[in-house]
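Hi,

Here's the structure I said I'd pass on. Have a look at it first, then read my notes below.

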Amino acid sequence: MNFTYLAIDIFTIFFPLALSFDSKVQFYKLFKPLFQANLVVASIFIAWDILFTHIGVWGFNDTYLTGISFFNLPIEEVLFFFCVPFACIFTFACVEHYLNVKWTQRFESIFVNSFSICLLAIGLYLLPKLYTSSTFISLAIVLLVLKHVAKVDWLPKIFTTYAILLGPFFIVNGILTGTGLENPIVWYNDDENIGIRLLTIPIEDMFYGFELVILNLFFVQIWKTKAENKLN
């Protein structure tokens, strides 16, 4: 049982890594910018994780851990912030290559702005609930910055990708939060979240995961562009 969380990390990255050398998608070409992006974004989320673990917003069940820790975080939790983005950005690359995802500018603006405003309103209304407020408010800000400041052109594709990823999300996060197990690997203090669960998964996890993915994608695109400019 001590290798359960580690096995989840390995399972998450195994197939995307094995398929990275597909001749059509050629995801291996993004390894370097993805690693650079991971270092930046993982450092933010690990710091967030360390703080919330320290103040009891969530915690971990030692039964399912190897016992190796990093700044009081299980090493499996640290690896999570590298394995999950790898799998998600790989899926995005496949969507970009195989699917023709197009939204009108009007629809994209209405969708992103409305979604962000709703997140911001809920986050501010539930400000004392730390997991809910920090996740919803930060995600709203990130989306608005990407849309109106950075002016990225891939938001429709990442929303589509994340919709596809909800299947694996429910498997991985379901197990982490206790689905099929006697106790959850990751437990949550329900005083710090809305209290709505999708099976065993706090609804905030969907938005937390989405923020992790879009921030990684943003920095991947930056370093990918820099590498291409050097070649030119």
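Let's start with W58, which touches W48, D49, F52, T53, Y131, W187, Y188 and Y208, leaving out residues up to four places away in sequence; touching, or contact, means heavy atoms within 4.5 Å. Before you go on: this is a predicted model, where local features need pLDDT of at least 70 and side-chain atom pairs count only at pLDDT 80 or more, while totals for chains, interfaces and linings use all residues. Residues are numbered from 1 along each chain as its sequence is written, and side-chain values use heavy atoms, with hydrogens and water left out.

W58 also turns up in an aromatic cluster with F45, W48, F52, F80, F81, Y131, Y188 and Y208. Rings of Phe, Tyr and Trp (its six-membered ring) pair if their centres lie within 6.5 Å; planes under 30 degrees apart are stacked, over 60 edge-to-face, and the rest tilted. That rule gives 35 aromatic pairs. One of them is F169 with F170, an edge-to-face pair at 5.4 Å centre to centre and 80° between the planes.

How exposed are those two? F169 is buried, with a relative accessible area of 9%, whereas F170 is partly exposed at 30%. (Buried means under 20% relative accessible area, exposed over 50%, partly exposed in between, with a 1.4 Å probe and protein chains only.)

I175 is partly exposed too, with a relative accessible area of 30%. You'll find I175 in helix α6; helices (H or I, at least four residues) and strands (E, at least two) are DSSP runs, numbered from the N terminus.

Cheers
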